[in-house]
Amino acid sequence: MRQHKNGEILWYQFEQFAPFDGRITHGIFARQGGVSHAPYATLNAGLSVGDAPALVAENRRRIVATLPGHPPLVTAHPVHGTNVVEILPEDITDPAALSLRIATKADAMITQARGVGLFWAYADCTPLMIFDPVHDAIALVHAGWRGTSGAVAIRALEAMNDRYGTQPPECFVGIGPSIGPCCYEVDEPVRAAFAAHPFADRHAFFSTIDIPDGNGGTRPSLRLDVAASNRAQLLAGGVPEERIEDSGFCTGCRRDLFFSHRMENSRTGRHAVVIALR
Ligand SMILES: [Zn+2]
């Protein structure tokens, strides 16, 4: 990833999107450079975690000010599903607003509208950015384990194909920071959810490792690699391997940079991920 620093704000961009800097703007923001206090310190972009709305608004203002082109942020209410929503220019109901939330619940947003910053605030779930340079279309996906078990990334590509004619071999996909198998223990219901979806199950990366059981022995611990599972789905869906870039960051291991819902016992903030067409 390319790392940038604007004052105290630390943010990242995918290497493979660099040739398209004139056509898209995007960023993954670390937790530094904001105004929120612990446990949301400091650049918390999430409104639903208990932080003061005025502080979140200031953080979002800083995020928009930092991004090239300064696109206003548009988001949907994520529900760990597989619904895809198209963001249209008329969804910008208040041109002066720095951030807007549309009424539709969805875990993937797609658009061909210019200057609209598709935005979600994350802590462990996998952000996927899709860019189709042939049809000038983008998507942002919010892939936690549940969305991944329903192949939400593939649902986004299908919706882009329906609306814009997008072909997966022509797309570039960035996989953002998310919780890695090193930090992500899951239970049998998670494995069962994948088992109910043959495509997702075929491309799921489960493993079992031995960890201390607290009594001097060890016990088996089921792990899920959500980023690798999404990558495998994208490959199976036709996105070329050389067009998929993984940030390599585990949010659980890198709490110095990112928020981790799991590793910070649910009391934490959310880091911002944004992509817009210029
Ligand atoms: Zn980790």
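Tutor: Happy to, and let's begin with the sequence pattern: the donor residues of the zinc ion are spaced C-C-x66-C-x2-C. Please keep in mind that this is a predicted model.

Which atoms hold the zinc ion? The SG atoms of C182, C183, C250 and C253 are its protein donors, and they lie 2.3 to 2.4 Å from the metal. The angles among the four donor atoms run from 104 to 122°, and the site is tetrahedral. For the tetrahedral label, all angles must lie between 85 and 135 degrees.

C250, at 9% relative accessibility, counts as buried. The cut-off behind this is simple: buried means under 20%.

One further contact involves R191, which lies over the face of F206, 6.0 Å from the ring centre.

From there we can turn to the aromatic rings. The structure holds nine aromatic pairs. In one of them, F14 and F17 have ring centres 5.6 Å apart and planes at 75°, so the pair is edge-to-face. Both F14 and F17 are buried. F17 also forms an edge-to-face pair with F131, at 6.5 Å centre to centre and with 85° between the planes. This second pair links distant parts of the chain: F17 belongs to the loop between β2 (9-13) and β3 (24-29), F131 belongs to strand β9 (residues 126-132), and they are 114 residues apart. F131 is buried, as is F17. One aromatic cluster is made up of F14, F17, F20, F131 and F172.

Next comes the open space. How much space lies in the largest pocket? The figure is about 680 Å³. Its lining has 31 residues, and those nearest the pocket centre are P78, H80, A121, H142 and R270. The elements giving two or more residues to this lining are β4 (73-77), β6 (99-105), β8 (117-122) and β10 (137-143). Of the elements, β8 gives the most, with four residues.

H80 is in the loop between β4 and β5 (84-86), and with a relative accessible area of 36% H80 is partly exposed. A151 also has a positive phi, about 55°, although it is not a glycine. A151 is found in the loop between α2 (145-149) and α3 (152-164), and a relative accessible area of 3% makes A151 buried.

Finally, there are cis peptide bonds to check when you look at the backbone. The bond from A38 to P39 is cis, with omega near 5°, and A41 and T42 are joined by a cis peptide bond with omega about -15°. P39 is placed in the loop between β3 and α1 (53-66), and T42 has its place in the loop between β3 and α1.

Definitions and conventions
Residues are numbered from 1 along each chain as its sequence is written. This is a predicted model: local features need pLDDT of at least 70, side-chain atom pairs count only at pLDDT 80 or more; totals for chains, interfaces and linings use all residues. Side-chain values use heavy atoms; hydrogens and water are left out. Donors are N, O and S atoms within 2.8 Å of the metal (3.2 Å for Na, K and Ca); water is not among the atoms, so sites may look incomplete. Four donors count as tetrahedral if all angles lie between 85 and 135 degrees; four count as square planar and six as octahedral if opposite donors are over 155 degrees apart and all others between 65 and 115; anything else is irregular. Buried means under 20% relative accessible area, exposed over 50%, partly exposed in between (1.4 Å probe, protein chains only). Rings of Phe, Tyr and Trp (its six-membered ring) pair if their centres lie within 6.5 Å; planes under 30 degrees apart count as stacked, over 60 as edge-to-face and the rest as tilted. A charge sits over a ring if NZ of Lys or CZ of Arg is within 6 Å of the ring centre and within 35 degrees of the ring normal. On a 1 Å grid over the protein atoms alone, a cavity is a set of points where a 1.4 Å probe fits but cannot get out, and a pocket is an open set with protein on both sides within 12 Å along at least five of seven lines; lining residues have an atom within 4 Å of a point. Grid points are joined across faces, edges and corners, and a volume is the space filled by probe spheres set on the points.
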